[in-house]
Amino acid sequence: MSSIFDKFAPLQEQHASLTALGRSPADIEFQEIISPTEATLNGKRTILMGTNNYLGLTFDDEAVEAAIESLRTEGTGTTGSRIANGSYDGHKELEKELAEFYGMRSAILFSTGYQANLGAIAALAGRDDYLLIDADSHASIYDACRLSDAQVIRFRHNDPQNLARKLERLEGTSGSKLIVVESIYSMLGDMAPLKEFIEIKKKYGAYLLIDEAHSLGVMGEKGRGLCEQTGLEDDVDFITGTFSKSIGTVGGFLVSNLPGLDIVRFVSRPYMFTASPPPSVVASARKTLSKIAGATDLRKKLWDNAGQLYNGLKAAGFELGPTLSPIVAIRLSDSEKAIALWNGLLDAGIYTNLALPPATPFGWYLLRSSISAAHTPEQIALAVDVCSTIGRELGLIAVSNRKNAEEMQVNGAKTLNGASEKRPFSTSEPESAVPTRAGAPVARA
Ligand SMILES: Cc1ncc(COP(=O)(O)O)c(C=O)c1O
């Protein structure tokens, strides 16, 4: 008899062949979380280079204490949605604090960042409206398109002219047009050309929503993100974000200066039909959010660290994302070598994210790191050193780049678990060509 799981046979084969080359990213299990940047993996002390813990605040004493206190006084969960079961004080306070932080009129809290995009976008763009999304959008934005009744149009990644052409074709139509972009793109770390997008949105009378998931706490003098950094906060209609990265917990939000935002609560299914965030999560998010504006030193450290990793890997000869940011991704076109590099790094005690097509732009295989202010220069130097050693052995980078990489190292690599002595994979095949942007999938309006 056939099984309901038969349709997944190709996926299961893919997973099995991935595991046969070492391990599966889905099976990684940390036994002990030592700090924001270290954990044990199968008994081995491992540097965490792929956690999105940008400011390293997951162990912040005050945030931890606030969560513990709230657990004691308010319990472990709300056991229902705010529409059905009412709000807790903390939900309301956090929304007020978010609105104040962004200098905007209102904020709505969601249970995750994924739900914030799903709930905000699907509610804002309804029947007869148009959703214009960047082709490299996060899955939560694509899923919002499925939930929305709007007509969905994709434009080329970070291409304002392509967006303008799509909007031009909509002239004369009556529905609202909502453009959705991200500040820092989660896979390659590149950033939206916000000024150009804003000029186009104004020209065509569209609305603009920006997902600041990876830039909250990371960019701008007060940590409000790309909009703040570029001085364009007044020109953006909606901002979504998450507490799962620099804020170090879980939860999401929508903020806006437009009057009337509150109605979204009554039309957004991911807001109405799911339990509201637990009070302990809200308590720690509030505590951490209150520190973001003043976290200037952490932001500086974060960008210094990002520079050390990005420049070190670039000097070693790796193909990286186009922009320096705390997301540093090595772009590879050979699946076996990408998997070998990822496994080699793990053997050496360094954890990165292995991102595989179709979740990646242009079908690349990505070894993605998200750097933290809590990383030390020694940890980063070690990561660059081990990556370069394995990269040379796999023929991913030229041996002649060794000197460059060594010169880029600030403090010199020190071994952790004997890491840089390990040579787990060896091949001298040259790297095959990386697909170009021209191969990107683009939907037609
Ligand atoms: C750009 C972007 N938006 C939204 C999300 C969803 O956030 P969360 O994990 O908090 O649900 C992510 C998560 O990785 C993301 O990268």
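Among contacts in the protein chain between residues at least 6 apart in sequence, 74% join residues at least 24 apart; two residues are in contact if their C-beta atoms, placed from the backbone, lie within 7 Å. The model is predicted: local features need pLDDT of at least 70, side-chain atom pairs count only at pLDDT 80 or more, and totals for chains, interfaces and linings use all residues. Residues are numbered from 1 along each chain as its sequence is written.

The protein chain has 15 helices and 14 strands. Helices (H or I, at least four residues) and strands (E, at least two) are DSSP runs, numbered from the N terminus. Of the 445 residues of the chain, 50% count as buried. A residue is buried if 20 or more other C-beta atoms lie within 10 Å of its own, exposed if 12 or fewer, and partly exposed in between.

**The sheets**

Strands of a sheet pair through backbone hydrogen bonds, either parallel or antiparallel. Two strands are said to pair if DSSP finds at least two bridges between them. Another open sheet, of 3 strands, has the order S11-S14-S13 with antiparallel pairing. Its edge strands are S11 and S13 (353–355), each pairing on one side only. Neighbouring strands of this sheet are turned by 25° against each other on average, direction ignored.

| Strand pair | Sense | Bridges |
|---|---|---|
| S2 (residues 38–41) and S3 (residues 44–48) | antiparallel | 4 bridges |
| S13 and S14 (residues 365–370) | antiparallel | 3 bridges |

Thr 40 stands opposite Arg 45 in S3, and the bridge partner of Leu 354 is Leu 367 in S14.

**Helices on the sheet, and Leu 332**

Helix H12 (residues 296–316) lies across S11 and S14 and runs at about 15° to S11. Helix H13 (residues 335–347) lies across S11, S13 and S14, at about 30° to S14. For these angles, axes are lines fitted to C-alpha atoms, for helices over the stretch in contact, and angles run from 0 to 180 degrees between N-to-C directions.

Leu 332 is found in strand S11 (residues 327–332). This residue counts as buried because 26 other C-beta atoms lie within 10 Å. Leaving aside residues up to four places away in sequence, Leu 332 touches Lys 337, Ala 338, Trp 364, Tyr 365 and Leu 396.

**Helices H5 and H6**

Two packed helices are described by the angle between their axes and the distance between the axes. The axes of H5 (residues 113–124) and H6 (residues 139–147) come within 8 Å and cross at roughly 35°. Among the residues that meet are Leu 118 and Ile 121 in H5, and Ile 141 and Leu 147 in H6. By class, this contact has 7 nonpolar, 3 polar and 1 charged residues. Ala, Val, Leu, Ile, Met, Phe, Trp, Tyr, Cys and Pro count as nonpolar, Asp, Glu, Lys and Arg as charged, and the others, Gly among them, as polar.

**The ligand**

Around the ligand are 14 residues, and the closest are Gly 113, Tyr 114, Ser 186, Thr 242 and Ser 244; a residue is near a molecule if its C-beta atom, placed from the backbone, lies within 6 Å of it. The shell has 2 nonpolar, 10 polar and 2 charged residues. Its largest share, 3 residues, comes from helix H5.
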